[in-house]
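Hello,

Here is the structure I promised to pass on to you.

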Amino acid sequence: MRAVTAPEPGGPEALTVVDLPDPVAGPGEVVLDVAATAVNRADTLQRQGFYPPPPGASDVLGLECSGTVSAVGEGVTGWSVGDEACALLAGGGYAEQVAVPAGQLMPLPGGVDLVTSGALPEVACTVWSNVFMVAGLQPGEQLLVHGGAGGIGTFAIQLASALGARVFTTAGSPEKLRVCAELGADVTIDYREEDFVEVLRTHGDGHGADVVLDNMGAKYLDRNVRALATEGRLVIIGMQGGVKGELDIARLLGKRGAVIATSLRSRPAADKAAICAAVVEHVWPLVADGQVRPVVHDVLPLERAADAHRLMEESGHVGKIVLTTR
Ligand SMILES: NC(=O)c1ccc[n+]([C@@H]2O[C@H](COP(=O)([O-])OP(=O)(O)OC[C@H]3O[C@@H](n4cnc5c(N)ncnc54)[C@H](OP(=O)(O)O)[C@@H]3O)[C@@H](O)[C@H]2O)c1
């Protein structure tokens, strides 16, 4: 099969199309003939050598895909050759085939085609697990989503809004803020011009963010804690603004707040299976009835993975960038 790896760390040009042996379905696994995968920030870090795959995971990039089941391993029930599915991966999605633990396979949500479904597993699983399972966002609470026009952001805005939260979001241009508002954000904040702490303080009853979904890490740590409501939960999922920050414990303690940092990729397979099952139960119905829609910026052939990485690193996109194998 053809696959994309980064044999030497580097810029987008480091991505190389290689021929690899076809994967086989081990016990509890299914092989998918990949129709589409999608680009994640983590892929750009892996390409640069900063985010190695977890032990046992493929060197091939790609944390999600959609495709057709072509082999079923021992002990797998509920899936047959020819079924269409999408999957959360620890790696291996930038390829014509991938072996996936059956628990990480999900049916396509109703009304979404096979290619577009390749852009859903990572955003759906990340947003559901962090905002709802970990931070426990409730209807009527206020969510602050940083990077609202990105893949994660566009999904988080829609899902939280559909489930009754009031959504604040940051982005870096008026065009992107307009898209965020169209997706359901109640308050949009241009992070180049405005201080999100001040916006949280002056909008609504000013109680702050009950939950923050943060992609920036160190750069926003202090301001995120300032923006938190009493008993607010800050969930850090990205490090786009660095890894070491200073935490004002007195401020956090006074708010009885929580700071949580999580990674989906390194979780054990059983956790991922539980997250996928929860996504199918709670998120797919909202996608099927159109309350939450996939936002796809562009669809490129797998051979153009380097162009897709350039686009993401220039933040030229809104939503997801999809790569197709066919
Ligand atoms: N921990 C996990 O399990 C997990 C899983 C998935 C993703 N993630 C992380 O989640 C983040 C988003 O991933 P993604 O795939 O959605 O990437 P993405 O599509 O590139 O989104 C990132 C967004 O951040 C925005 N941004 C850049 N600087 C910003 C700033 N100072 N303040 C606010 N926003 C800013 C970018 O656009 P503009 O600046 O133009 O607005 C962009 O829209 C990444 O950091 C990724 O590593 C973590």
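**Between the domains**

Across the interface of domain 1 and domain 2, the rule finds zero salt bridges. What it does find there is four residue pairs in polar contact, with both residues at pLDDT 80 or more. Please keep in mind that this is a predicted model.

To place the two parts for you: the domain assignment puts residues 2-120 and 294-324 in domain 1, and residues 124-261 in domain 2. Their centres, taken over C-alpha atoms, are 28 Å apart. At the interface, 10 residues of domain 1 are in contact with 12 residues of domain 2. On the domain 1 side, the residues touching domain 2 are five nonpolar, three polar and two charged.

The two domains bury about 850 Å² between them, and carbon and sulfur atoms account for 67% of that. Within domain 1, Leu120, Val295 and Val318 lose the most area to domain 2, together making up 46% of what that side buries.

**Around the ligand**

There are 26 residues around the ligand, and the ones that come nearest are Arg41, Lys176, Tyr191, Tyr220 and Leu264. Tyr191 has a polar side-chain atom 2.3 Å from a ligand oxygen. The side chain of Asn215 also places an N or O atom 3.0 Å from an oxygen of the ligand. With Gly172 the backbone takes part: one of its N or O atoms lies 2.8 Å from a ligand oxygen. Taken alone, the ligand exposes 910 Å², and the protein buries 90% of that.

Best wishes

Key: Residues numbered from 1 in each chain as written. Predicted model: local features only at pLDDT ≥ 70, side-chain atom pairs only at ≥ 80, totals over all residues. Heavy atoms only, no water. Domains from an automatic or database assignment. Contact = heavy atoms within 4.5 Å. Buried area = accessible area lost by both parts, 1.4 Å probe. Salt bridge = Lys/Arg side-chain N within 4 Å of Asp/Glu carboxyl O. Polar contact = N/O pair within 3.5 Å; in protein donor to acceptor, adjacent residues only side chain to side chain. Nonpolar A, V, L, I, M, F, W, Y, C, P; charged D, E, K, R; others polar. Near = heavy atom within 4 Å. Areas by Shrake-Rupley, 256 points an atom, 1.4 Å probe, with all protein chains shown as cover.
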